Amino acid sequence: MSGTLVAVLALGLGTYAFRLVGPVLHGRVALSERTRTLLARGAAVLLVALLATGTLLEAGAFAGWARPLGVGAAAVVAWRGAPFAVTVLTAAAATGVLRALGVP
């Protein structure tokens with residue numbers, strides 16, 4: 001077997017194991033309130049980091065101003081309670097208009 005196939009199989013098995021752990025351990029492990037708080041905050045931090053890297057970076061360099069401004073416009077629309085589809089379309093439209101105007 002090639003190294004790539006072994007890596008894909010290992011990642012697949014690991015993913016399946018993580019998905020299986022939740023239902024198997026549900027109700028058997030009691031987490032303290034502090035642990036629950038830390039896990040919730042950790043998840044939020046990971047999502048913000050993913051958002052930041054996806055918004056600000058492209059191929060390891062700054063992506064330009066159009067993308068962050070488009071995401072900012074979408075954040076405002078989402079904060080105001082718009083549906084998900086409207087939020088995504090707002091981000092795409094704002095970014096597209098800014099790029100059409102020459103903003104990198």
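The cover over the buried residues of helix α4 includes α3 (66-79). Helices here are DSSP runs of H or I with at least four residues, and strands are runs of E with at least two, numbered from the N terminus. Buried means under 20% relative accessible area, exposed over 50%, and partly exposed in between, with a 1.4 Å probe and protein chains only. The model is a predicted one, in which local features need pLDDT of at least 70 and side-chain atom pairs count only at pLDDT 80 or more, while totals for chains, interfaces and linings use all residues. Residues are numbered from 1 along each chain as its sequence is written, and side-chain values use heavy atoms, with hydrogens and water left out.

**Helix α4**

Helix α4 runs over residues 84-100, and its 17 residues should span 24 Å at 1.5 Å a residue; the end C-alpha atoms are 24 Å apart, which agrees. The expected span is 1.5 Å times one less than the number of residues. Thr87, Ala91, Thr95 and Leu98 are the buried residues of α4. They lie on the same side of α4, because they cover an arc of only 65° around the axis. That arc is taken from the directions from the helix axis to the C-beta atoms. An α-helix has 3.6 residues a turn, so residues three or four places apart point the same way. On the face of α4 turned away from the buried side are the exposed residues Leu89 and Ala100. Just after α4, Gly102 has a positive phi of about 95°.

Thr95 belongs to helix α4. Apart from neighbours within four places in sequence, Thr95 is in contact (heavy atoms within 4.5 Å) with Ala66, Arg67 and Gly70.

| Residue | Relative accessible area | Class |
|---|---|---|
| Thr95 | 13% | Thr95 buried |
| Thr53 | 43% | Thr53 partly exposed |
| Ala59 | 86% | Ala59 exposed |

Thr53 sits in helix α2 (residues 33-56). The C-alpha atoms of Thr53 and Ala63 are separated by 9.7 Å, and these two residues are 10 residues apart along the chain. Ala59 is placed in the loop between β1 and β2 (61-62). Although Ala59 is not a glycine, it has a positive phi of about 55°.

**The whole chain**

The protein has 4 helices and 2 strands, and along the sequence they follow the pattern α-α-β-β-α-α. The radius of gyration of the protein is 20 Å, whereas a compact globule of 104 residues would have one near 13 Å. This radius is taken over C-alpha atoms, and the globule rule is 2.2 Å times the number of residues to the power 0.38. Along the principal axes, the C-alpha atoms fill a box of roughly 55 × 45 × 25 Å.

Of the 104 residues, 11% are buried. Among contacts with a separation of 6 or more, 37% join residues 24 or more positions apart. The accessible surface comes to about 8,200 Å², and 74% of it belongs to carbon and sulfur atoms. Accessible areas come from the Shrake-Rupley method with a 1.4 Å probe; for residues, only the protein chains shown count as cover.

**Confidence**

The mean pLDDT of the protein is 94, and 100% of the residues score at least 70. This score is the predictor's confidence in each residue, from 0 to 100. Confidence is lowest in strand β1 (residues 57-58), with a mean of 92, and highest in α4, at 97.
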